[in-house]
Structure formats: C-alpha cells, structure tokens
Amino acid sequence: MLTPPLNEEVEISIFGPGYGECILIHIGFNDWIIIDSCINPSSKEPCAVEYLSNIGVPLDTDVKLIIATHWHDDHIRGIGKIVSTCSNATFVCSDGLLTKEFVTFIKAYGARPGLTEGVNEFDIVLKSLETSHRTPKYASAEKALWKRNGPNGKPPCCITALSPADFAIHLSKIQLKELFPQENTTKRDVVAPQPNNVAVVIWIEVGDIYLLLGSDLENSPDKRHGWAAIVDSNLRPEGIASVFKIPHHGSKNADLPEVWEKMLIKNPLAVMTPFSKGNVSLPTLEDINRIKSQTSEGYITAPPRVKRVKKPKIVEQFVKGATKSIYQANSFFGHARFRADLKSLPIDWKTELFQSATSLNSLKV
Amino acid sequence: MQLAKSEQYDQYDQERLSIASDNSNINDPEEKEKIIPSLYMDRKWEVITNPDVTSYGQVSFQDCKFIVPQGEASVDNKINSTYIDDDKFNLLQKEIPESPVVWYPLKHQRTTMFTSFIKWRGVVLKIYKDCFLCRLVDQDGNSPDEEAEILLSEISDEDLQLIDIGAVFYWSIGYQTNPSGSRTRSSIIRFRRLPVWRSEELSEAQKKAEKTLIALGIA
C-alpha cells in the first residue's frame, strides 16, 4: 500500500532499472527532490511522476528540485515529462553541460525525433524550461543547490553538489565538442561518450540526517576529479552520511574505500540499481561481496542479471544463429523505500521493498 | 468492374506503398521519402519492356511521373531485391492484357508478404573484429530491450560499409509468403541509409540553440 510520508518523515525512494534509475527524496514538510529519471516498464510512465501522483503529491507545487546527474540515456528517460509536469521546480544539471555546442547538438538531433531518445529528452527539457521561463541551475563541486532555512518549525535542509570538479568540467567540454556533428558526415544515433566525467554527486543535509547520493561518478587516476577529489576536498560539507546511494551500480571502479571511511557512518544503509550492457552486468558477485563487507544494510532494486524472456522458437533459432551473445538489457524493475522520523535519535530507517527490490544478503547470484 | 485509370493508379500506389512499408520497417519520414519513388520502378520496367501493352505508352507514364531518374534506381535496389519476388516478373510476362486496359495482378498474386514475429530497431554500440555490440529495441514494445553481439557474417556486403558506432538498423524475423503461396522462414537485417548533415541543418540548429540559451538566460 503506497502512502505518503508524514510531514516529519524523510523518505528516500529508489526506482530502477526500467532502463536507468530514479531517486525521490522527501526532505520533510511536503518538499520533494527528484534525481534522474527512469520509465516504469509496465506503465511506460516516468517513475517519479507515477509514484508521486499515486501518493497524492501535487507535482506543480511540492517538487522543488529536479537534478539530472548526467545526460546518459539510462538516467534521463522521462525527465522531459517530469520537468514539464513539475512546473515550479528548479532544474539542475552539471556545469559545463549547457554550452553552446551541446545545446546546438541537442537542437540538431532534437529535430530528428526517433533517432536518439536521450537527446530528445534533453530537447523536451529545454523546451519546457523555455516556455515556463525557468533558468537551469548548474551543479559543480561544493556548490549549494537548494536551501531551506527552517522557519515555522521546519528542519533546515541544504542540498549541495560535491561534483563535478572544475577539471572534470573542462574535460567534459572537450568531450562534448567532439559530439557535435560535422557537415557531410552521416547522421547516426548518439552513443554517449565514456568515461562520464561530470556526474553530479549530491550531499543532502536535513535536520540531523545526512545522505550521500553517488550518481555514476567513478574513480580517476587523476586526483583532480572523480571520488578522490571529493574525499580530499576541505570545502565539502561536514558530517557523515547514514544513507549511501552506491555509485555506478556498485562497480569496482566507482568504489573508493576512503568514502566509506570518511564520509559514511559504520554500517550505513546502502542502495543501488543494477545495470547491464552486453555481457557486462553490474554489480558483479565480487562487487556484491565487497559492498557486503562494508555494510550489512545493502539493498538493490532488482537482481543484477536476469534470464532473457524467451521468444517464439523461430525467433530464437535465428537469434542463436546470428549472434555471439544476447542479453536482456533491462533487469526486473523494483522500488526500495526508506523512511525515518526526523525527530527520532538515533535515526531509525524503516525499509520497504517493492517489486524486484531485495537486500544484498538475500540476493542469489 | 474496371476502375478508371487514375483510380487504378491510386489503388496500385497505395498497395505498393503499404507493402514496402510493412516489410521494410521504415518509420521515419526522411527515409520513406526516398522509398516512395522506388515503388514505380517495376512500373517503369513494364513500360520499357512491354511498350505495346497499353495505349497510354511510355510518354503517358512519363507524364504521370512514373519514370524515376536512373540515378535513384540503385538506392532502392534493396527493396526490389529483398521484398519483391521475381514471380511477379513471370506473371506479367505470361498474362499481358489486351490494350487499352492496363492489367494489374491481384495483390495476393503479385506480392511477397512478410509476417514478422519480431521487429527490432538496433543501434550499433561497439564494433569488434567479427561482430558488433548493439542495443535492440522491440518495435512493438512487447519485450524488454536487449543487447546482442551480432556476427558480421550476417550482414550483407552492401550493408557492411554502413556499420559504425551509432548506425541504425532494423532486424525482422518472421515468415515470408511468396506469391505462389509457399512460406519460408526469414531473418532480415537491414541498415538504414541515413543522409548526411547539411550545413543548413547545422546553421538552423545553431540559431535555435542561440535562441534557447538567450531564453534560458544563460547565453
């Protein structure tokens, strides 16, 4: 039974992977934050819009912030609808993203509907912002994105970006320039460049509760960006988080032990979504064991690798003959929800798992 | 009942268009525009190879714009070679109607029907030595997205040169029913022939981008 959180309750809801992930945060007193977006495979609706509507949250007034941590297709599907529906929310994206080159690139591809869904989503976002006269906000390391000072008995809340670092923004601008189509080159779908340098990591402080949401940020050998830059920063907000959205689907290259040591409480509540691309599936068994060694409170919105849905025999025969391998891209869809009373100390998180969501301890890999 | 000439043409065009559309998985108008002229290719053949069949003659057909320039023919060979069975050629040869009536065989007599079990839209993500990784999206939305490594040996020589990161293709698996009624299992992978970016399009995008950035207050 889906019920709205109480006024004095913090809620973290993680959905995925309808292809991608979406995080909803209730920071108390009917203020909501949406981070990224994915589509519910059953209803084909953006999870955030669907869930908030189901629990009776007025989208046009109660959603304060919509954050697109990066523009990869698996994090922004349906975000266009969210931005247009939540008409008073501030839209946040990574600094360096809305350059002239990138917006031109969006406009060029956006004029070709059906070619690239991710790019089209961003085009819808820009059009929505334009028609509603909203200016997007840029996220970069140590920048406050939203603040509630706590009048009328409401607990104070501050949402801060911990990334991208300046150097990552610089790298991203170079990367985006290369995406821009050249005259007389063939039109193709856009395949997002790797590595992802500018994922926005979010730090949320509400009352005595601290949350670290890791987006898809990975480690870098260059300490000027990636997780090392965040850990080493003396400008990041103080505090240790009790909830950790594990970055990049639990992959090893996004895990830095210092994050667990310096930024999180012992045995934090840790949650992630799975991911698969071709024969790569995250998290791996090794990843799961590594995360379990850090916390006994690990959760995932769906098992990392699922069997393909079998098709008619004739299809399977041709597929077998024509391919070296084939995997289902989308794992089962799930929703993990955590709620805690803002006034109770120590913080006691109530966990609820819906659809395919499960704890790492009970996961059969 | 005989149909008036223009009605016959219209009916014929509609049928041929739907056949090509059904079988080719072409969803975007850009490519459809290219294919429509090709539908007249076999009519051109009828006129050129059987100039005495009708009283309308080749000139009339040209007046009706049924003749396509030679240059465009090669673009559409794929359609004729893939979807239009040679049996139609034989039918037309054997059953030439008397002048002045233009004879069109019934649809079921002249077409190759394709009944697909699944139609995927694919995008190339990575290219390896003997295969390419791609994302497959079920066009009917009945099954979840999949990612496959498709062997290069499955791709026609004509299409091999089109494989690149971001290249789009369609993969249909189903039954092909020939005009004779015989059915064969069939798997067709066809890469889209996408046009190039034109300078006008890029300039237009640039203008739109400038307008958007000003409107958003971040110019």
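Two strands count as paired if DSSP finds at least two bridges between them. The legends below describe a predicted model.

**View 1. Strand pairing between chains A and B.** Strand S16 (residues 323–328) of chain A pairs with S3(B) in the antiparallel sense, over five bridges. Within this pairing, Tyr327(A) has Glu147(B) of S3(B) as its bridge partner.

**View 2. The side of chain B that touches chain A.** Chain B puts 44 residues into the contact, and chain A puts in 44 residues. On the chain B side, the elements that give two or more residues are strands S1 (113–127), S2 (131–138), S3 (146–151), S4 (168–177) and S5 (183–191), together with helix H10 (199–215). The most comes from H10(B), with 10 residues. Sorted by class, this side of chain B holds 25 nonpolar, eight polar and 11 charged residues. For the complex, the predictor gives an ipTM of 0.83 and a pTM of 0.76.

**View 3. The largest nonpolar core.** This core has 104 residues. Those with the most contacts inside the core are Ile34(A), Ala48(A), Ile66(A), Ile67(A), Val201(A), Ile202(A) and Leu211(A). Helix H5 (residues 100–110) of chain A gives the most to the core, with six residues. Apart from this core lies another, of 23 residues, including Ile150(B), Ala167(B), Trp171(B) and Ile173(B).

**View 4. Surroundings of Val201(A).** Leaving aside residues up to four places away in sequence, Val201(A) touches Ala161(A), Leu162(A) and Ser163(A), as well as Leu213(A), Gly214(A), Ser215(A), Leu217(A) and Ile230(A). Val201(A) is also one of the residues with the most contacts inside the largest nonpolar core.

**View 5. Fold of chain B.** Chain B contains 10 helices and five strands. Of its 219 residues, 27% are buried. Among contacts in chain B between residues at least 6 apart in sequence, 55% join residues at least 24 apart.

**View 6. Confidence along chain B.** The average pLDDT of chain B is 66, and 50% of the residues score at least 70. Helix H4 (residues 57–63) of chain B has the lowest confidence in the chain, at a mean of 33, while helix H9 (residues 157–160) of chain B has the highest, at 94. Residues 1–6 of chain B have a pLDDT below 50, and this stretch makes three contacts in the model beyond near neighbours in sequence. Over residues 15–94 of chain B the pLDDT stays under 50, and the model has 85 contacts beyond four places in sequence for them. Where pLDDT is low, the predicted coordinates should not be read in detail.

How values were computed: Residues numbered from 1 in each chain as written. Chains lettered and ligands numbered in written order. Predicted model: local features only at pLDDT ≥ 70, side-chain atom pairs only at ≥ 80, totals over all residues. Core = buried A, V, L, I, M, F, W, Y, C linked by C-beta atoms within 7 Å. Buried ≥ 20, exposed ≤ 12 C-beta atoms within 10 Å, placed from the backbone. Helix = DSSP H or I, 4+ residues; strand = E, 2+ residues; numbered from the N terminus. Contact = placed C-beta atoms within 7 Å. Nonpolar A, V, L, I, M, F, W, Y, C, P; charged D, E, K, R; others polar. pLDDT = per-residue confidence, 0-100.
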